[in-house]
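Here is a friendly walk through the aromatic rings, strands and charges of one protein model. Take a look at the structure first, and then read on.

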Amino acid sequence: MSSVEEFRAEIRGWLAANLTGAFAGLRGRGGPGREHEVFAERLEWERHMAAAGWTCVGWPEEYGGRGASLEQQVAFHEEYALADAPARVNHIAEQLLGPTLIAFGTPGQRARFLPPIVAAEELWCQGYSEPDAGSDLANVRTRAVHEGDDWVVTGQKIWTSLAHESQWCFVVARTEPGSQRHKGLSYLLVPLDQPGIDIRPITQLTGTSEFNEVFFDGARTRAEHIVGAPGDGWRVAMATLGFERGVSTLGQQVGFRRELETLIEAAKRNGSADDPLIRDRLARAWTGLETIRCNALRMLGGVADGAPGPEASIGKIFWATWHRELGELAMDVCGAGGMLAAGDPYDLDDWQRLFLFSRSDTIYAGSNEIQRNIIAERVLGLPKEARP
């Protein structure tokens, strides 16, 4: 048995033995559009995993991880999804910030921030997007001024997932007055529990509020809580986005496959599978999912230093568009009844929630339009789009 097969068997056995008792009811809970579900219980589960050494498995052992190889990390995320284990509550810290600090942080930053991530004791959110700087992130206007031993942050972030549950936020802010676009930005680690920060949940189409707008009005963080050099924030921020599109996407696809298989069974039960157009779209969905997996494996096969390159944009476009179209297909399989909420005031079933929330898939984490620009300019080497 190979080490990868042993690792896969180990995590499969641990999940089977531990997703029981008080944790048995967490199967399938949480995830995009459902982050509000049993959050406290899922956090307890995360800490249970941490105690057994199953958080941050891909991190080097010196930083509290298991030093798992890329193949072992794929096995972990796939087995976790196959077990229908609950959505992770500290994904942003474990998969985005942690690898960024390992790559760019100082020894002091790693010593301060990595252990609480491993233990799931501190939760993080991502302070990137702003009202005028969404997919065009280089238009950031939130500013930070160096005053004595602190950075003083003023501005607004938006679509900040789980800010209302987090203790810290990594913030891209403009630290060089008069700078424009990618220059003059810095990557700051900002505590959220302090005066000068106002977190306001945003109600989504699903009726839930898993993301927020965050206002910084003279909020402070210590001077040493800057990752990389002042003005070098764009490079660090782009590395974080590369980590975001890494190995955990393989587990995401297991969830997609479960959704598709469930939808096929629903189509068979209500007879819509007899419609040749529905049947054709179901078949296209199946082949599309296989394409997504092949693209993901190709991307991971070329990973350097743990972070995928701009080729990851291909995978983002594929899975986001596929998932949005799956939501549309689900509504057609459900028929007219899919237009009615199950109860008052706004009781959505899984298919309705999928349809509504998946509208955002092609927007967050870089819109499809921006991803196409990245592919054109950075992968294919085409001339850059004209900008004013």
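F170 is buried, with a relative accessible area of 0%; buried means under 20% relative accessible area, exposed over 50% and partly exposed in between, with a 1.4 Å probe and protein chains only. Please keep in mind that this is a predicted model, in which local features need pLDDT of at least 70, side-chain atom pairs count only at pLDDT 80 or more, and totals for chains, interfaces and linings use all residues. Residues are numbered from 1 along each chain as its sequence is written, and side-chain values use heavy atoms, with hydrogens and water left out.

The structure holds 15 aromatic pairs. Rings of Phe, Tyr and Trp (its six-membered ring) pair if their centres lie within 6.5 Å; planes under 30 degrees apart count as stacked, over 60 as edge-to-face and the rest as tilted. Two of these pairs are shown here.

| Pair | Type | Centre to centre | Angle between planes |
|---|---|---|---|
| F23 and W45 | edge-to-face | 5.2 Å | 65 degrees |
| Y128 and F170 | edge-to-face | 6.0 Å | 90 degrees |

F23 lies in the loop between α1 (3–18) and α2 (39–51) and W45 in helix α2, so their pair ties together parts that are 22 residues apart in sequence. Helices (H or I, at least four residues) and strands (E, at least two) are DSSP runs, numbered from the N terminus. F23 counts as buried at 12% relative accessibility, and W45 is buried too, at 0%.

Y128 is buried, with a relative accessible area of 5%.

Now to the strands themselves. β1 and β4 pair in the parallel sense over four bridges, where pairing takes at least two DSSP bridges between two strands. W124 stands opposite W168 in β4. Both faces of β1 are covered, with W124 and Q126 buried on one side and C125 and G127 buried on the other.

Back among the rings, F7, W14, F23, W45, W54, F76 and Y80 form one aromatic cluster. The charged end of R66 sits over the ring of W54, 3.7 Å from its centre, and R88 lies over the face of Y80, at 5.8 Å from the ring centre. A charge sits over a ring if NZ of Lys or CZ of Arg is within 6 Å of the ring centre and within 35 degrees of the ring normal.
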